[in-house]
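This briefing sets out selected features of the structure shown below, grouped by topic.

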Amino acid sequence: MTNFVILPILIPLLTGIILLFFPKKVTFQKVLSFIASVLLVIVSVMLVFQVHNNGIQTLELGGWQPPFGIVLVADMLAILLVSTTSIVSLAVLLYSFYSIDAEREKYYYYPFFQFLITGVVGAFLTGDIFNLFVFFEVMLIASYILIVHGGTKVQLRESFKYVLVNVISSALFVAGVAYLYAVAGTLNMAHLSERIGSLETQAPILTVIAVLFLIVFGLKGALFPLYFWLPASYAAPPSAIAAIFGALLTKVGIYSIFRTYSVVFVHDTGYTHQILAVLAALTMIFGVVGAVAHQDVKKILVYNVIVAVGFVLFGVSTLTEEGFMGAIFYLMHDMVIKGALFLLIGAMVVVAGTSHLKDMGGLIKHHAQLGWMFFTAVMALVGIPPLSGFIGKLLLVQGGVSAGQYWIVAAMMVSSLLVLYSMIRIFLNGFYGKIQLEHANQYGSTKGLLLPSAILIAVSAGIGLGAEMLYPFVATAAETLLHPEIYIDAVLKE
Amino acid sequence: MEILMSILAGVLFMAGTYMVLSRSFIRIIIGTSIISHGAHVLLLTMAGLKTGAPPLLGLEAGTYSDPLPQALILTAIVISFGVTSFFMVLGYRAYKETGTDDTDRLRGTDSYD
């Protein structure tokens, strides 16, 4: 029954491989990838309950004992993120059915979509640092192809930069693994944590390696001085692809910081976690400055992705239970709501025929549903109580206050306000104001484009209203992070 | 020996960084290859270069060299090979489509600037 843990990786992988054989049969591609996505949701939710009832689930691949073989570890944090990923990917897949054009669909769009999900889920579930690198590459190579898929001028231009940045950060990842292997002599995360804990001198080299990993994962997850590549490249691809990128890719980088900074590098936290806190604060501020400055709806949203990275990492840096719980709640909320917002903005751009705010206006007259869904999603993003953003932010503030980081909490509140301003500006300019286009010559219809975002908004409301039910799961996840011994014992079984 | 290899890795990283900071596509791509060479050399060095037989049990030697980093490097090599070939084709396609291989001319993010 422990083989169960590998199913979330296996389902999208096998589906992708099967789909490679029938590129021109678009209906078959759609049906099979839909079935696989639904299956993935079911399996991962079942895994959540299994982890809840029986503790951390591990799978030793090939039957090799943990420090020697690769081990898959489904602890609560990983499996909650896998479930969120599966739900977001299902919604984005439904959106792709209507929004991706036929040419793209014939050229392996759905297989690469499945491979991307394989990489993301694998990165969440692995317990080995080099295996994490490999799953990162699975995810990144699929994302290189999806970002340039279709080959328009803008996509080619931006994907060149995107690939370059990620190739360099991958080389740094290999270098980081090399240093870590030289110091500790193992690659399994639990074993690494134990070895590092037993190094008597608390060697400063470990702090250096921790910072190197922060640079690597900060490049993947768009942390403050390393987010420069993100805004242009996420605005280039079609909105379905941008949605899956905005919702999932940066989150894998954040998760890796979460994991390494709470399991592996936990023995000299004063220095590393202070850096993390300061960088998180700067990420919030610079992200929100970008979001307020831009006039292009896609750009505004893309900068909001960066702000969320800051919020979550601030929670990680506090090293308190509230902070961790807030970060986990906020991470799950942000995956869902960023997916929804990218999809809604995609529908807006389809309807208005432009992504520039100045050329939009009065969309609410003919697209009331879209308008109010967008409004709800914005309220959820900012954290208005009944919706999902509230509980995460509340816990983050509590964690920040109990860690004594008052300035960063203040920066967080101010940037929340500015996030509200930047998004509500889209609502007021785009949906109200002078009608720019009469119904007859509006560019497209929203047929099929609203249902996926409706699903995601419903999930977001579910997270908000059902916070009480979700709370024990998140509390378990936070406890595992706060006490890495639980993780180590589950993996090494001593 | 480790010191020499570390210096070599450093030189490779230095040369690669210099190439990546230049403007032409092909130089950038060669730079990324050199950087990944540096990373692979580093991985081999960091695991220790103590003398020992190649990791083949048939040799029945007293000591073997560490097989783990060799497996890691093999994995990293094929990954970087795949990515580099994709990157080459991407650079070629971008050159065809935009008509330039100068990264300075690839500025701008959308039709509004």
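This is a predicted model: local features need pLDDT of at least 70, side-chain atom pairs count only at pLDDT 80 or more; totals for chains, interfaces and linings use all residues.

Residues are numbered from 1 along each chain as its sequence is written, chains are lettered from A and ligands numbered from 1 in the order in which they are written, and side-chain values use heavy atoms, with hydrogens and water left out.

**Salt bridges**

- A:Asp334 forms a salt bridge with A:Lys338, with 2.8 Å between the closest N and O atoms; the term denotes a side-chain nitrogen of Lys or Arg within 4 Å of a carboxyl oxygen of Asp or Glu.
- Both partners belong to helix α14 (residues 321-352) of chain A, where A:Asp334 and A:Lys338 are 4 residues apart, about one turn of the helix.
- Helices (H or I, at least four residues) and strands (E, at least two) are DSSP runs, numbered from the N terminus.
- Over all chains, the structure holds 10 salt bridges.
- Side chains of opposite charge can pair when their charged atoms come close.
- In chain A, a network of salt bridges links A:Arg157, A:Glu158 and A:Lys161.

- B:Arg23 and B:Asp102 meet through their side chains in a salt bridge (2.7 Å, N to O).
- This pair links distant parts of the chain, 79 residues apart: B:Arg23 is in the loop between α1 (2-20) and α2 (25-46) of chain B, and B:Asp102 is in the segment after α3 (67-98) of chain B.
- B:Arg23 is partly exposed, with a relative accessible area of 46%, whereas B:Asp102 counts as buried at 13% relative accessibility.
- A salt bridge also joins the side chains of B:Arg23 and B:Asp104 (3.6 Å, N to O).
- That pair likewise links distant parts of the chain, with B:Asp104 in the segment after α3 of chain B, 81 residues apart from B:Arg23.
- B:Asp104 counts as partly exposed, at 35% relative accessibility.

**Interface of chain A and chain B**

- Contact, meaning heavy atoms within 4.5 Å, involves 35 residues of chain A and 35 residues of chain B.
- About 3100 Å² is buried between chain A and chain B, and carbon and sulfur atoms give 80% of it; buried area is the accessible area (1.4 Å probe) that two parts lose on being put together, summed over both.
- On the chain A side, A:Arg157, A:Phe160 and A:Tyr181 lose the most area to chain B, together 22% of what that side buries.
- The elements giving two or more residues to the side of chain A that touches chain B are α6 (129-148) and α7 (153-184) of chain A.
- Of these, α7(A) provides the largest share of that side, 19 residues.

**B:Ile28**

- B:Ile28, in helix α2 of chain B, is buried, with a relative accessible area of 2%.
- The residues that B:Ile28 touches, not counting residues up to four places away in sequence, include A:Phe160, A:Leu164, B:Arg23 and B:Thr103.
- The C-alpha atoms of B:Ile28 and B:Glu60 are separated by 45 Å, and the two residues are 32 residues apart along the chain.

**A:Asp75**

- A:Asp75 is located in the loop between β2 (71-74) and α3 (76-99) of chain A and is buried, with a relative accessible area of 0%.
- A polar atom of the A:Asp75 side chain lies 3.2 Å from the backbone nitrogen of A:Ala78.
- Not counting residues up to four places away in sequence, A:Asp75 touches A:Val51, A:Ile56, A:Arg259, A:Thr480 and A:Tyr487.

Note on methods: Buried means under 20% relative accessible area, exposed over 50%, partly exposed in between (1.4 Å probe, protein chains only). A polar contact is a pair of N or O atoms within 3.5 Å; within protein, one must be able to donate a hydrogen and the other to accept it, and residues adjacent in sequence count only if both atoms are side-chain atoms.
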